[in-house]
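Subject: Structure for your review

Dear colleague,

Please find below the structure that I am handing over to you. My notes on what was found in it follow directly after.

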Amino acid sequence: MASLYEKPITELRGVGEKRGKQFQRLGVPTVGDLIRFYPRAYQDLSRPLPIRQAPVGELCAVRATVLRRPAETRVKGGAVLYKTTVTDGESDMALTFFNNPYVVNTLLEGEDYIFYGKVSANFLKREMLSPEYFPASACLAIRPIYRQTQGLNSRAILAAVKQALALLPRPMRDPIPQGLRQAQGLCSLAFALENIHLPSSQEALAQARRRLIFEELLVLQLGLLKMKSRGKQRTSLTAPRDCLEEFWGLLPFAPTGAQRRAAAEAAADMASGFPMNRLVQGDVGSGKTAVAAALCYQAAGNGLQAALMAPTELLARQHYATLSRFFQGAGVETVLLTGSTPKKEKRQALARLAEGSAAVAVGTHALLSQEVVFRRLGLVVTDEQHRFGVAQRAALAEKGDSPHLLVMSATPIPRTLALMIYGDLDLSVLDELPPGRQPVATYAISGEKRLRAFRFIQKHAAMGKQSYIICPMIDEAGDDRASVTDYAKRLREEWLPGLSIGELHGRMKPGEKEAVMAAFAQGRLDVLVSTTVVEVGVDVPNAVIMMVENAERYGLSQLHQLRGRVGRGRDKSYCILVTDAQNQEAQARMQVLCATNDGFQVADQDLRLRGPGDFFGQRQHGLPELKIADMAQDMEVLRQAQAAARQILEEDFALSLPEHRGLRGQVALLFRGLEGS
Ligand code: ADP
Ligand code: MG
């Protein structure tokens with residue numbers, strides 16, 4: 001099987017260069033990848049119905065004989081219809097095809113076919129429009145349907161898959177050891193691959209699915225647990241001296257109980273002699289930055305350097321400002337490193353990090369670059385983790401001798417799920433907001449009420465309070481400038497004359513963005529019109545209104561993040577979701593936000609409404625893409641796979657026993673895309 005990953009897809013009959021490119025587009029460069037390109041759905045033709053019993057308006061399969069050769073009729077507008085009648089001996093059914101001369105030669109009089117489509121009916125007869133059809137004698141009972149791409153349809157993919165399956169070695173080595181397979185009641189790999197593509201029955205398909213899901217999750221868990229066990233190697237980077245109390249004393253506020261707890265858990269890890277791998281999860285506004293700062297301080301107080309990495313330039317600068325303020329006078333030197341740091345400053349910062357006089361580096365991906373060298377890097381913190389992958393985490397860790405890792409995430413997910421998805425991390429939860437916070441009052445309004453919303457913004461501006469307005473991206477290419485500048489112009493000229501309005505969009509230079517953010521943070525702007533660049537992390541406590549245009553375009557968790565930009569101080573805050581979308585799903589999403597401020601609840605609902613596939617998309621957690629398993633849906637299998645993975649690693653951590661060699665190969669394969677990315 002492994003060698004099939006070295007066989008380019010073009011080695012199959014009928015797959016030339018052009019086809020090969022189309023397969024590439026589906027992420028299928030080799031025969032091995034094709035075998036693991038599972039169908040996205042199936043048509044069940046195993047129990048065709050008599051014509052009379054076919055449910056009207058639903059997709060179904062009917063078995064019938066063609067009564068006569070399809071006849072051609074021309075209709076107005078140049079379309080050509082092909083009509084014929086079929087019978088099952090009891091009733092007849094009419095078939096109509098549009099512009100498909102092909103049917104004349106493929107639907108033969110007197111032959112039996114399975115027709116798959118929707119039946120419509122009037123008093124006189126039943127009818128199917130453009131059904132799919134298969135000769136009854138050669139018809140698969142359950143037909144796979146593959147994800148298609150331009151020029152490459154499901155039928156053509158199936159033809160290639162059949163060839164690929166024939167190339168599988170027999171007998172085939174099974175990566176799951178036999179003992180485990182028996183204990184879990186799993187079918188063999190050969191059976192699973194055959195039946196996931198060409199199921200002999202629904203039962204066989206179910207068995208194949210279960211086996212492949214288990215295998216995929218087992219491999220995922222093995223990979224994650226192996227990464228976590230990095231922690232089993234000792235590290236010389238310890239921070240035994242407790243500096244947390246000292247740090248809390250530097251803050252302008254008293255830390256919450258949850259902040260103290262999370263920081264103490266992390267500090268204990270850092271004192272243990274084993275590298276920390278910890279995830280801090282907290283709702284928006286729960287004060288994750290202060291926890292990160294506390295641990296940077298803890299590192300510095302023990303003679304170690306710390307790096308704090310943020311997903312955007314904006315956020316890196318904000319963190320730099322915050323940390324510099326906290327550390328002022330405490331003698332902890334902090335430097336900023338981003339893609340746009342001027343050459344001279346950068347050179348200085350690099351030198352100070354290399355010689356060790358700077359204790360803390362705050363920055364973006366720029367921190368990962370080769371030229372950044374630390375004297376004694378002891379702690380790496382990544383903020384808003386979902387923007388970083390497992391691999392980037394690993395890349396930063398390489399910069400020290402197994403430094404401590406702290407990951408901060410604002411995507412709240414249920415604890416049990418988090419523990420398995422972040423199988424390589426320990427977990428601290430910030431389940432308490434700073435005192436005095438009021439829930440953000442949230443309203444969904446239609447576009448007609450927009451002017452009232454503007455009056456509301458104006459009233460708050462008169463009291464010295466600030467507002468955000470989020471505009472959607474209009475341009476497919478990701479150019480958000482037009483929507484933001486047009487909107488801001490109308491605000492200035494028409495809707496909110498007299499207020500000072502700033503704009504922020506993706507096409508601005510970092511320096512320009514920074515200037516606008518600074519103006520907003522200092523209260524020199526009443527309103528900031530922006531795209532979702534402010535979604536993550538931005539902290540301006542004086543802003544009290546978040547207005548989101550076309551709110552239906554965003555996911556629930558994203559809207560919750562946006563809402564989290566307000567309600568960060570003591571003032572009553574508001575979130576106004578503007579949408580003209582009438583559909584139920586959009587309305588339901590708005591209602592969820594209006595009903596709760598709790599990020600964990602929002603995440604649960606998001607999962608329910610959007611489906612887990614989207615929610616746990618690769619972008620969210622940075623894990624490898626799974627082909628068949630669905631971590632939310634397949635929770636129970638996930639649990640079993642995790643237990644099995646633990647047991648395997650306990651016996652054979654290196655996966656070097658002969659019976660584990662297959663699994664080791666699979667782990668390498670699953671994580672291959674992540675290396676060095
Ligand atoms: P997030 O968890 O969303 O990253 P931040 O770290 O940006 O939250 O903190 C949100 C706001 O709350 C900031 O303005 C911060 O100064 C403030 N804050 C954090 N901790 C406390 C606290 N214990 N008491 C009062 N205000 C706090
Ligand atoms: Mg934050």
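This is a predicted model: local features need pLDDT of at least 70, side-chain atom pairs count only at pLDDT 80 or more; totals for chains, interfaces and linings use all residues.

**Charges over rings**

In this structure, the charged end of Lys572 is placed over the ring of Tyr574, at 5.9 Å from its centre.

**Overall composition**

The protein contains 24 helices and 22 strands. Of its 677 residues, 54% are buried. Among contacts with a separation of 6 or more, 73% are between residues 24 or more positions apart. The protein exposes about 30600 Å², and carbon and sulfur atoms supply 50% of that area.

**Nonpolar cores**

The largest nonpolar core has 59 residues, and those with the most contacts inside it are Phe23, Leu34, Ile157, Leu193, Phe214 and Leu218. At least two residues of this core come from each of α2 (31-35), α4 (154-166), α6 (189-197), α7 (202-228), α23 (635-651) and α24 (661-670). The largest share, 12 residues, is supplied by α7. Another core, of 44 residues, lies apart from this one and includes Leu304, Leu315, Phe326 and Ala359.

Which residues does Phe23 contact, leaving aside its neighbours within four places in sequence? Phe23 is in contact with Ile9, Val15, Val28, Leu34, Leu152, Ile157 and Ala160.

Ala643 has its place in helix α23. The C-alpha atoms of Ala643 and Leu218 are separated by 8.9 Å, although these residues are 425 residues apart along the chain. Ala643 counts as partly exposed, because its relative accessibility is 44%, a value between the limits of 20% and 50%.

**Helix α1**

Helix α1 (residues 17-25) has Gly20, Gln22 and Phe23 as its buried residues. These three cover an arc of only 160 degrees around the axis, and therefore lie on the same side of α1. In general, an α-helix has 3.6 residues a turn, so residues three or four places apart point the same way. The buried residues of α1 pack against α2 and α4. On the face turned away from the buried side, α1 carries the exposed residues Glu17, Lys18, Lys21 and Arg25. Gly27, which follows α1, has a positive phi near 80 degrees.

**Aromatic pairs**

The structure holds 15 aromatic pairs. One of them is formed by Phe97 and Tyr133, which are edge-to-face, with 5.9 Å centre to centre and 80 degrees between the planes. This pair links distant parts of the chain: Phe97 belongs to strand β5 (residues 92-98) and Tyr133 to strand β8 (residues 132-135), 36 residues apart. Phe97 and Tyr133 are both buried.

Phe253 and Phe326 form an aromatic pair that is also edge-to-face, at 6.5 Å centre to centre and with 90 degrees between the planes. Here too the pair links distant parts of the chain, 73 residues apart: Phe253 is in the loop between α8 (244-250) and α9 (257-271), while Phe326 is in helix α11 (residues 313-327). Is Phe326 buried or exposed? Phe326 counts as buried, because its relative accessibility is 7%, under the 20% limit. Phe253, by contrast, is partly exposed, with a relative accessible area of 41%. Both Phe253 and Phe326 belong to one aromatic cluster, together with Phe247, Trp248, Tyr297 and Phe327.

**Backbone geometry**

- Arg170 and Pro171 are joined by a cis peptide bond, with omega about -5 degrees. Pro171 is found in the loop between α4 and α5 (178-184).
- Ser130, a residue other than glycine, has a positive phi near 40 degrees. Ser130 is in the loop between β7 (126-129) and β8, and is partly exposed, with a relative accessible area of 38%.
- Leu655 is not a glycine, yet its phi is positive, at about 55 degrees. Leu655 lies in the loop between α23 and α24, and is buried, with a relative accessible area of 1%.

Yours sincerely

Key. Residues are numbered from 1 along each chain as its sequence is written. Chains are lettered from A and ligands numbered from 1 in the order in which they are written. Side-chain values use heavy atoms; hydrogens and water are left out. A nonpolar core is a set of buried Ala, Val, Leu, Ile, Met, Phe, Trp, Tyr and Cys residues joined through side-chain atoms within 4.5 Å. Buried means under 20% relative accessible area, exposed over 50%, partly exposed in between (1.4 Å probe, protein chains only). Helices (H or I, at least four residues) and strands (E, at least two) are DSSP runs, numbered from the N terminus. Contact means heavy atoms within 4.5 Å. Accessible areas come from the Shrake-Rupley method with a 1.4 Å probe; for residues, only the protein chains shown count as cover. Rings of Phe, Tyr and Trp (its six-membered ring) pair if their centres lie within 6.5 Å; planes under 30 degrees apart count as stacked, over 60 as edge-to-face and the rest as tilted. A charge sits over a ring if NZ of Lys or CZ of Arg is within 6 Å of the ring centre and within 35 degrees of the ring normal. The arc is that of the directions from the helix axis to the C-beta atoms.
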